Amino acid sequence: WEPGGFDKKRPEEAIRLLVARSKAADSWIVEGVFGELAGLYMDQADLFVWLDLDWPLCRERLLARGSESKKHMSREQSEEGLKKLVDWASRYYERTDQRSHDGHEQMFTNFRGHKLHVRAKDQLAALLSSRERA
């Protein structure tokens, strides 16, 4: 997104440049809700962790976190943005694009590197705990 809000998409060329710069680093982590962007990293990724948690938990966490747009927008705009985000996220299992459960499942299935499919909160806690000990 362009600075100053989450409603102005960057031009494709700017996105590609940012992706290329980040891939040139020694290591990186990519958040994958936007599957089409995460897909640009698959050729160099070593590990794919799919956090496939249930909707009630995701909704609860979205609401607790609030809208990140509050840093850039007025309270009314921020509240409206959060409302739109929760509405959009609630249709995750209905959509079929690369930003959907089906799209993420396809990316996960096609990924040939090491992968972890995390489906429950306790599974995630165990994974994080094991990483802290390592």
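Are Phe-48 and Phe-111 buried or exposed? Select both: Phe-48 and Phe-111 are buried. Buried means under 20% relative accessible area, exposed means over 50%, and partly exposed lies in between (1.4 Å probe, protein chains only).

This is a predicted model, in which local features need pLDDT of at least 70, side-chain atom pairs count only at pLDDT 80 or more, and totals for chains, interfaces and linings use all residues. Residues are numbered from 1 along each chain as its sequence is written, and side-chain values use heavy atoms, with hydrogens and water left out.

**Stop 1: the rings**

Stay on the aromatic side chains. Rings of Phe, Tyr and Trp (its six-membered ring) pair if their centres lie within 6.5 Å; planes under 30 degrees apart are stacked, over 60 edge-to-face, and the rest tilted. By this rule there are 6 aromatic pairs. Phe-48 and Phe-111 make one that is tilted, with 5.6 Å centre to centre and 50 degrees between the planes. Phe-48 belongs to strand β1 and Phe-111 to the loop between α5 (101-110) and β2 (114-118), so the pair ties together parts 63 residues apart in sequence. Helices (H or I, at least four residues) and strands (E, at least two) are DSSP runs, numbered from the N terminus.

Ring pairs link Phe-48, Trp-50, Phe-108 and Phe-111 into a cluster. Then show Lys-115. Its charged end sits over the ring of Phe-108, 5.0 Å from the ring centre. A charge sits over a ring if NZ of Lys or CZ of Arg is within 6 Å of the ring centre and within 35 degrees of the ring normal.

**Stop 2: the strand surface**

Select Leu-47, Val-49 and Leu-51. These residues make a nonpolar surface patch of about 230 Å². Patches use residues with over 30% relative accessible area and no salt bridge; like charges are joined within 9 Å, nonpolar side chains (Val, Leu, Ile, Met, Phe, Trp, Tyr) within 5 Å. Accessible areas come from the Shrake-Rupley method with a 1.4 Å probe, and for residues only the protein chains shown count as cover. Leu-51 lies in strand β1 (residues 47-51). Leu-51 is partly exposed, at 46% relative accessible area.

**Stop 3**

Begin with Tyr-92 and Tyr-93. What is the geometry of the aromatic pair that Tyr-92 and Tyr-93 form? The pair is edge-to-face, 5.2 Å centre to centre, with 80 degrees between the planes. Tyr-92 is buried at 16% relative accessible area. Tyr-93 is partly exposed at 46%.

Next, select Arg-95 and Trp-88. The charged end of Arg-95 sits over the ring of Trp-88, 4.1 Å from its centre. Arg-95 is buried, at 14% relative accessibility. Arg-95 also forms a salt bridge with Asp-97, the closest N and O atoms being 3.9 Å apart. Asp-97 is partly exposed at 37%.

Then show Asp-87 and Arg-91. Their side chains meet in a salt bridge (2.6 Å, N to O). Asp-87 is partly exposed at 43%, and Arg-91 is partly exposed at 29%.

**Stop 4: a salt bridge across the chain**

Side chains of opposite charge can pair when their charged atoms come close. A salt bridge is a side-chain nitrogen of Lys or Arg within 4 Å of a carboxyl oxygen of Asp or Glu. The structure holds 5 salt bridges.

Select Asp-43 and Lys-23. Their side chains form a salt bridge of 2.8 Å, N to O. The pair links distant parts of the chain, 20 residues apart: Asp-43 is in the loop between α2 (35-38) and β1, and Lys-23 is in helix α1 (residues 12-23). Asp-43 is exposed at 60% relative accessible area, whereas Lys-23 is buried at 15%.
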